[in-house]
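Reader: I've got this model open on my screen and I'd like to talk through how it packs. Can you walk me through it?

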Amino acid sequence: MERQQKAYKGVIDYFKKKILDGELRPGEKLPPERDIAERLNVSRNSVREAIRIMDMTGAISSQQGSGNYITCEFQKSLAETMTMMFAMDQIDYRQISQIRQALECLAFAIENATDGQIEEMEKAVKELDRSQDDVKNAALDKKLHYTLAQASGNILVQDFLEACSGVIDSFIHDMRAEILRTEERKNLLNECHKKLIEGLKEKNKAKGLEALEHHFTLINEILEERER
């Protein structure tokens with residue numbers, strides 16, 4: 001049993017090196033299991049176990065009837081881990097809020113945001129101002145904040161936010177429902193969004209970060225009310 005475990009780890013290490021060396025890139029197909037087993041002198045069971053683990057971690061994608069492909073979508077395993085942690089009370093809404101705030105402050109890169117991305121966020125803010133539909137509002141809020149992450153040009157920020165999307169989607173919906181209970185809170189949130197866009201358009205980093213700070217101050221106040 002121990003020998004088989006070492007064998008499948010060897011298979012994983014082999015493909016890890018291939019990826020790191022640039023010999024295998026996203027979208028490329030892995031050789032058939034039999035060829036891998038013969039090349040590395042291991043059993044096909046060891047190859048299957050290695051492929052199963054790489055599929056779980058997002059390094060590859062197993063497509064029925066087609067084969068195994070390099071994907072390097074590691075947010076897949078991160079998303080599953082975050083969802084399980086949330087379900088088992090290892091993380092809570094306050095911690096998710098802290099993660100979002102840290103990532104979005106990091107994402108705020110006025111040098112990288114394109115005119116198209118700024119226009120997309122501004123359009124979402126204007127629709128949020130008019131809409132009274134909770135479901136639509138949650139989708140618009142998500143679009144706004146994820147576009148900000150994309151504008152950063154930081155792949156790690158984008159991947160981590162995408163990995164957290166399941167938990168964060170629930171978080172945004174719940175928080176927005178709380179916010180929309182009063183017109184005052186809704187206006188405060190929308191004002192934060194508008195200031196954020198102004199900061200991007202004016203390339204004023206201080207204004208943008210101040211808007212994000214006010215945004216999460218509002219969220220944290222609501223969290224404190226929920227905990228009382």
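Reader: Which residues does serine 131 touch, not counting residues up to four places away in sequence?
Author: This is a predicted model, where local features need pLDDT of at least 70, side-chain atom pairs count only at pLDDT 80 or more, and totals for chains, interfaces and linings use all residues. Numbering starts from 1 along each chain as its sequence is written, and side-chain values use heavy atoms, with hydrogens and water left out. Contact here means heavy atoms within 4.5 Å. Leaving out residues up to four places away in sequence, serine 131 touches Lys136, Asn137 and Lys186.

Reader: Is serine 131 buried or exposed?
Author: Serine 131 sits in the loop between α6 and α7; helices here are DSSP runs (H or I, at least four residues), numbered from the N terminus. Buried means under 20% relative accessible area, exposed over 50%, and partly exposed in between, with a 1.4 Å probe and protein chains only. Serine 131 has 8% relative accessibility, so it counts as buried.

Reader: How are α7 and α10 oriented to each other?
Author: The axes of α7 (residues 134-152) and α10 (residues 183-202) come within 13 Å and cross at roughly 30°. Axes are lines fitted to C-alpha atoms, for helices over the stretch in contact, with angles from 0 to 180 degrees between N-to-C directions. Angles under 35 degrees count as roughly parallel, over 145 as roughly antiparallel, 65 to 115 as roughly perpendicular and the rest as oblique. That's why α7 and α10 come out as roughly parallel.

Reader: Which residues of α10 make the contact with α7?
Author: On the α7 side you'll find Asp141, Leu144, His145 and Leu148. Facing them from α10 are Leu189, His193, Leu196 and Ile197.

Methods
Helix = DSSP H or I, 4+ residues; strand = E, 2+ residues; numbered from the N terminus.
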